[in-house]
Amino acid sequence: MRQVTNCTETTIKGTQPNYTGSSLFSVAPMMDWTDRHFRYFARLMTQHALLYTEMVTTGALLYGDAKRYLAYDQSEHPIAIQLGGSNPSDLAKCAKLAEEAGYDEVNLNVGCPSDRVQNNMIGACLMAHPQLVANCVKAMQDAVSIPVTVKHRIGINGRDSYAELADFVDVIAQAGCSQFTVHARIAVLEGLSPKENREAPPLRYDIAAQLVNDFPDLSFVVNGGIKTFEQCNEHLKTFAGVMLGREAYHNSWMLAQVDEHIFGQPNNRLTRTQVLNALRPYIEKNQRAGTNIHHITRHILGIAQGFPGSRRFRQLLSSDIFKAENPLKVYDQAVETLQGR
Ligand SMILES: Cc1cc2nc3c(=O)[nH]c(=O)nc-3n(C[C@H](O)[C@H](O)[C@H](O)COP(=O)(O)O)c2cc1C
């Protein structure tokens with residue numbers, strides 16, 4: 001296990017200088033899931049993991065409510081923003097906005113297979129256009145001094161050979177990108193839904209590992225299907241980091257063990273109850289600002305996964321809380337089901 005002492009400053013041996021230790025374990029960008037409320041909650045459990053935003057399109061940032069899209073709590077650092085787009089000049093402007101807002105990294109989405117984004121030339125379809133991605137990365141890098149990274153697949157249908165993958169990485173690396181997150185399955189751009197595209201094409205960690213072998217000067221974080229710390233630490237023998245998506249969300253209590261199991265920190269002895277008590281003032285603050293409590297509590301159901309009282313906990317927070325006159329009271333009842341543990 002590689003160990004770090006300070007997540008924002010420590011550089012992992014053998015990787016690029018700007019590749020900070022927090023990338024050893026990251027929580028994946030997930031639309032509708034990794035919003036600022038989930039990230040705040042996640043940060044109560046892990047100080048070191050790198051947290052990704054949901055994807056934000058360049059259109060949303062440049063023509064929408066940029067302030068709202070860029071908003072986050074200072075406690076969320078280290079935090080990376082993921083951008084969706086394929087216009088180099090727009091991406092450069094958005095990267096600059098992200099840097100000014102204090103983000104630690106800007107990531108380009110080259111992995112999302114949904115039709116909606118494909119029609120706008122966003123996401124996995126860009127794997128067929130390495131030079132365009134390289135131009136985007138170069139424009140972003142010229143605009144900012146924070147790391148610019150790329151999250152991609154190992155291929156797309158019709159372009160799924162290792163030679164094409166290596167060419168993709170090579171062209172983008174030549175544009176100056178040194179940090180890649182590889183979702184280790186191809187994306188099928190026609191006929192599979194985004195959900196099926198996270199399950200149906202087989203995981204090929206061996207192909208991602210081949211990239212590590214062939215591009216020793218680049219950093220590769222592996223993503224896809226990782227669920228346990230044993231698996232994380234096995235992958236960390238090969239890769240510069242692991243990125244977890246669904247497991248980190250559905251079984252969020254695992255995040256309380258990340259600092260110990262991945263970053264070599266002493267056991268934080270946190271209980272679920274402590275985490276939820278620490279979240280309470282944040283909920284109150286957001287309620288006062290007009291946020292519906294459900295927008296926050298919908299993200300916390302995973303903290304009770306595997307706990308004997310989890311059924312009641314979930315019922316209170318996903319059903320009873322809607323009917324309650326005082327939803328915070330239901331929140332407190334839900335926390336009580338965890339019996340201080
Ligand atoms: C609800 C949901 C939304 C997602 N949204 C994004 C996204 O905005 N950008 C992205 O690059 N990947 C997105 N993904 C893919 C994840 O980042 C990750 O690559 C994928 O879930 C595989 O990792 P896992 O097996 O650990 O979940 C999403 C996944 C889920 C489940």
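Predicted model: local features only at pLDDT ≥ 70, side-chain atom pairs only at ≥ 80, totals over all residues.
In helix α8, residues I207, A208 and L211 are buried. Viewed down the axis of α8, these buried residues fall within an arc of 105°, so they line one face of the helix. An α-helix has 3.6 residues a turn, so residues three or four places apart point the same way. The buried residues of α8 pack against β5, α7, β6 and β7.

Helix α7 (162–174) lies across β4, β5, β6 and β7 (219–223). The direction of α7 runs at about 170° to β5.

Now step back to the sheet itself. Eight strands close into a barrel, and the pairing is parallel. Their order is β1-β2-β3-β4-β5-β6-β7-β8. From one strand to the next, the twist averages 30°. Strands of a sheet pair through backbone hydrogen bonds, either parallel or antiparallel.

Strand β5 (148–153) shows the pairing in detail. On one side, β4 and β5 pair in the parallel sense over five bridges. There, L108 has V150 in β5 as its bridge partner. H152 stands opposite V182 in β6. R153 has H183 in β6 as its bridge partner.

How many of the six residues of β5 are buried? Six of the six are, and the strand is mostly covered. In a regular strand the side chains alternate between the two faces of the sheet. Both faces of β5 are covered. V148, V150 and H152 are buried on one side. T149, K151 and R153 are buried on the other.

N197 touches R153, along with P113, R185, I186, A187, V188 and L192, leaving aside residues up to four places away in sequence. The place of N197 is in the loop between β6 and α8. Its relative accessibility is 0%, so N197 counts as buried.

Helix α6 is another element that meets β5. The buried residues of α6 pack against β3 (79–84), α4 (88–100), β4 (105–110), β5 and α7. Those buried residues are P130, V133, A134, C136, V137, A139 and M140. The length of α6 can be checked. The helix has 14 residues, 130–143, and at 1.5 Å a residue it should span 20 Å. Its end C-alpha atoms are 20 Å apart, which agrees.

Strand β2 (residues 50–57) includes L50. Is L50 buried or exposed? L50 is buried, because its relative accessible area is 3%, under the 20% cut-off. L50 touches S22, S23, F25, S26, V27, P78, I79, A80 and E105, not counting residues up to four places away in sequence.

Another loop residue is T291. Its loop runs between α12 (272–288) and α13 (294–297). T291 has 18% relative accessibility, so T291 counts as buried. T291 touches H37 and N286, again leaving out residues up to four places away in sequence.

How many disulfides does a search of the whole structure find? The search finds zero. Take C112 as a case. The closest cysteine sulfur to that of C112 is in C125, at 9.1 Å, too far for a bond. A disulfide needs the two sulfur atoms within 2.5 Å. C112 is partly exposed, with a relative accessible area of 22%. C232, by contrast, counts as buried because its relative accessibility is 0%.

Terms used:
Residues numbered from 1 in each chain as written. Heavy atoms only, no water. Helix = DSSP H or I, 4+ residues; strand = E, 2+ residues; numbered from the N terminus. Buried < 20%, exposed > 50% of the residue type's maximum accessible area, 1.4 Å probe, protein only. Contact = heavy atoms within 4.5 Å. Expected span 1.5 Å × (residues − 1). Pairing = 2+ DSSP bridges. Axes fitted to C-alpha atoms, helices over the stretch in contact; angles between N-to-C directions. Arc of directions from axis to C-beta.
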